[in-house]
Amino acid sequence: MTIMVRMLLLGIALAGASVANAGKPGAGGGTTTSPGGHIVANPNDYYLQANLTLFTTEDVNGATRTYPAGTQWYQVPNVEKLRAELAAGIYSGADRAAKAKVVEGYDIMNKTYEKIGMARTDGKPPLFKGKLMNCSTCHAQAGTVPNAWPFTRTYSLFGDRALQTDPVHEGEVYAPLGYWRDTTTVNRDCGINCAGQGHIPVGSDEMLALNSWVRAVTDGIYSGEGILLPELKLKVNNTKIPGARNPVFSRVLGDATFKANVAGGKLSYDRACASCHGRDGLGKWSDRDGYTVPPVAGPGSHTKAGGPYMAPVLAAFIQRQMPLSRPGSLSEQDALNIATYLTDLPRDSRWWEAYYYDHNPCGRPAYLPLDVGVVPSGFPFTAAQVKYGPWKPINDWLKSTGPYAPGGSAYGQGCAASNYRLDPKLPEDFDYGFHDVTGTFTNPGVYAQPQAR
Ligand code: HEC
Ligand code: HEC
């Protein structure tokens, strides 16, 4: 998907700053017998676990300020208070409309199938007719739980064209893949590639609502909410937001022997996960309620263009959040084995080569499977190694600006020595297509056909 390569860089940067999740209570306090339920935050994760030094402006040579361990850095916005105030009619006009959008976006996150899928009840047509996961199954509690792919960094990093208030918030070049993204495009692309292909059109009311919620996660609804340390909203400090990136285990790129064991992953999955997600990984679905347990395989699950298709990315989530009733109980090795096993189960491709057209291929994550994205010419590793590891040698080759020593002359030059072009070519609104409510694939335009390199 669109969203992932940054994971690599920020994952490393965050590894040291991440907050331990040990002792985090699962839904139901660890005694859950029913398969449903939700990931919840450990309240301690909203307080700094160590002193945190931040730049006071966007200038990396400028002044810094240090907050002591124990400082509260986040407060979850009180959306139910706002819902009650709206019902009581205390706002009016444009103010009311804007506030209603925040609640609407929150509801789309938590009840995606009801709000935009076939169970839609507001009289408008569903945006997608297939099985839809709730966005909150991965972005736990509507994107407010550290280490569960939260939105705490999203608005301050990407900004949004529809909400833009200052030039810092104009979007981000996704440098390794060479195109622009803002909050709208990441919402759109994750709906397609993570959540079972729900396409939320740019400019739609639903998209504006989602964007309003994403912004509220950062800025809060009332004062004293959202990110509480103003410096943490600066782009320059973005990687220091605790748990904002689900850091990939440091051994993934740091240990030349760390690799997955898929057969072991199947055993662990059947033992620890299958009772809820099913042996086939298809989750539990009803046409009335949607997914009560989300799928981890099959057409309702993330596609091969979704972030979790990279096993180390998925492993970081699994180790910190699953099994639902005993998060943190798996070893890193076990989590990696399971994630890799899931990556091998059937799922939609949705891959389209033009997507990564004309970028610098050395920027690909070492663990981005070879069936996703352009492969650098002269790439000296097998598809199996890219999928199962070890990834350190691959990463070293991708970053190498000279001959790649560990492999001797057999490896030739490192990728970064090969002078690939870096210039982004895709426009901000680049949209590679989607399945509409009838299941028909539509490409809105910029690139009519996949581009061969
Ligand atoms: C007690 C039931 C239960 C068990 C056991 C369980 N899960 Fe989950 N899992 C859930 C539920 C429910 C969610 C959605 C959480 C939410 O909505 O906050 C979820 C979410 C997920 C997600 C993110 C959404 C998705 O479907 O991609 C993944 C990945 C996942 N689980 C993997 C696992 C793995 C791997 C294991 C075994 C180590 C496991 N789960 C064990 C119930 C369970
Ligand atoms: C199967 C899990 C899953 C589901 C379901 C899911 N996402 Fe995501 N989403 C991800 C992952 C993984 C990322 C990348 C996060 C990262 O790189 O740290 C992501 C990234 C995002 C981002 C960018 C966040 C950031 O700061 O980089 C947004 C916005 C987003 N998703 C919106 C949505 C919306 C809206 C939905 C529902 C329509 C949704 N997602 C459903 C897994 C999921």
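A residue counts as buried if 20 or more other C-beta atoms lie within 10 Å of its own. The model shown in these views is predicted.

**View 1. Helix 10 and its buried face.** Helix 10 spans residues 262-272. Gly-265, Ser-268 and Tyr-269 are its buried residues. Looking down the helix axis, these residues fall within an arc of 105 degrees, so they line one face of helix 10. Ala-263 and Arg-271, on the other side, are exposed. The cover over the buried residues of helix 10 includes helix 11 (274-277) and helix 13 (332-344).

**View 2. The largest nonpolar core.** This core has 80 residues. Trp-213, Leu-314, Ile-318 and Ala-339 have the most contacts inside it. What does Trp-213 touch, leaving aside residues up to four places away in sequence? Its partners are Val-102, Gly-105, Tyr-106, Met-109 and Ala-142. In soluble globular proteins, nonpolar side chains tend to be buried together.

**View 3. A second core.** A separate core of 7 residues is also present. Among its members are Tyr-46, Trp-73, Tyr-74 and Ile-227.

**View 4. The shell around ligand 2.** Ligand 2 is surrounded by 27 residues. The closest are Cys-135, Cys-138, Cys-190, Cys-194 and Gly-307. Two elements give two or more residues to this shell: helix 7 (183-193) and helix 8 (205-219). Helix 7 gives the most, with 4 residues. By residue class, the shell around ligand 2 divides into 15 nonpolar, 10 polar and 2 charged.

Methods
Residues are numbered from 1 along each chain as its sequence is written. Chains are lettered from A and ligands numbered from 1 in the order in which they are written. This is a predicted model: local features need pLDDT of at least 70, side-chain atom pairs count only at pLDDT 80 or more; totals for chains, interfaces and linings use all residues. A residue is buried if 20 or more other C-beta atoms lie within 10 Å of its own, exposed if 12 or fewer, and partly exposed in between; C-beta atoms are placed from the backbone. The arc is that of the directions from the helix axis to the C-beta atoms. Two residues are in contact if their C-beta atoms, placed from the backbone, lie within 7 Å. A nonpolar core is a set of buried Ala, Val, Leu, Ile, Met, Phe, Trp, Tyr and Cys residues joined through C-beta atoms within 7 Å. A residue is near a molecule or strand if its C-beta atom, placed from the backbone, lies within 6 Å of it. Ala, Val, Leu, Ile, Met, Phe, Trp, Tyr, Cys and Pro count as nonpolar, Asp, Glu, Lys and Arg as charged, and the others, Gly among them, as polar.
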